[in-house]
Amino acid sequence: MRFVKSVKAAFAVLSSALILGGMCLLIWPETSAAAICTALGVTAMVYGVVRIAGYLSNDLYRLAFQFDLAAGILIFLIGLALLLRGDLARAGLPVLLGVFLLADSLLRLQTALDARHFGMRRWWTVLLAALLGAALGALLLLRPLTGGRILVRHLGLVLILDGAENLLVGLYTVRAPRPRDVIDTICTESDS
């Protein structure tokens with residue numbers, strides 16, 4: 001139970017960091033590409049580890065972190081690429097973020113529908129964020145911006161949206177099991 005709460009808190013902090021980072025890019029679009037790659041790389045690596053830990057946690061509904069083993073590994077590798085090969089990553093950053101945001105949002109779409117199935121009241125907020133994220137990811141893929149302040153501001157908007165989407169999912173769907181929620185059964189096979 002304590003591990004789930006720790007992962008939920010770390011997930012919320014890192015989602016908030018994405019939102020803050022995105023706001024910084026919107027406010028200061030003249031930030032250097034190297035600084036952006038370094039900051040995104042470090043954040044992505046930590047975020048990837050937190051998402052893997054989320055997958056390994058004992059979340060009661062298993063909604064928020066159900067796809068996070070693969071997503072965590074992918075995010076960690078993207079962060080590593082941004083740190084080690086920032087020069088190459090900068091060229092493809094809009095497309096890379098577009099693919100990731102589209103994939104992550106489509107998986108969050110399933111999370112929203114699963115939350116509805118579980119009877120969670122605010123499932124529709126996750127659905128709206130997932131649809132908006134998918135649209136923004138598709139826009140990055142279909143019309144990749146090629147440079148300057150517009151690209152940096154668009155990347156800031158993507159980070160804000162992805163952070164908000166993850167924050168919503170983490171806050172509304174992660175539940176630590178209470179002792180009364182855990183049902184311990186012993187199954188035996190009987191000869192009939």
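The protein exposes about 10,700 Å², and carbon and sulfur atoms supply 67% of that area. The model is predicted. Its 192 residues include a buried share of 40%. The protein has six helices and zero strands, which gives the pattern α-α-α-α-α-α along the sequence.

**Overall packing**

- Among contacts with a separation of 6 or more, 83% join residues 24 or more positions apart.
- The largest nonpolar core has 28 residues. Leu-25, Leu-40, Tyr-47, Leu-82, Leu-93 and Leu-155 touch the most other members of this core.
- Helices H1 (2-27), H2, H3 (68-84), H4, H5 and H6 each give two or more residues to this core.
- Helix H2 provides the largest share of the core, seven residues.
- In soluble globular proteins, nonpolar side chains tend to be buried together.

**The salt bridge**

- The structure holds one salt bridge. Its partners are the side chains of Arg-51 and Asp-104, at 3.0 Å from N to O.
- Arg-51 belongs to helix H2 (residues 33-56) and Asp-104 to helix H4 (residues 86-117), so the pair ties together parts that are 53 residues apart in sequence.
- Both Arg-51 and Asp-104 are buried.

- Glu-165 sits in helix H6 (residues 148-173).
- Glu-165 is buried but has no salt bridge.
- Beyond its neighbours within four places in sequence, Glu-165 is in contact with Asp-104, Ser-105, Arg-108, Ala-129, Ala-130 and Gly-133.

**Helix H5**

- Helix H5 (residues 123-142) has 20 residues, which at 1.5 Å a residue should span 28 Å; the end C-alpha atoms are 29 Å apart, in agreement with that value.
- The buried residues of H5 are Thr-125, Val-126, Leu-127, Ala-129, Ala-130, Gly-133, Ala-134, Leu-136, Gly-137 and Leu-140.
- An α-helix has 3.6 residues a turn, so residues three or four places apart point the same way.

How values were computed
Residues are numbered from 1 along each chain as its sequence is written. This is a predicted model: local features need pLDDT of at least 70, side-chain atom pairs count only at pLDDT 80 or more; totals for chains, interfaces and linings use all residues. Side-chain values use heavy atoms; hydrogens and water are left out. Helices (H or I, at least four residues) and strands (E, at least two) are DSSP runs, numbered from the N terminus. Buried means under 20% relative accessible area, exposed over 50%, partly exposed in between (1.4 Å probe, protein chains only). Lys and Arg count as positive and Asp and Glu as negative; His and the chain ends are not counted. A salt bridge is a side-chain nitrogen of Lys or Arg within 4 Å of a carboxyl oxygen of Asp or Glu. Contact means heavy atoms within 4.5 Å. The expected span of a helix is 1.5 Å times one less than its number of residues. A nonpolar core is a set of buried Ala, Val, Leu, Ile, Met, Phe, Trp, Tyr and Cys residues joined through side-chain atoms within 4.5 Å. Accessible areas come from the Shrake-Rupley method with a 1.4 Å probe; for residues, only the protein chains shown count as cover.
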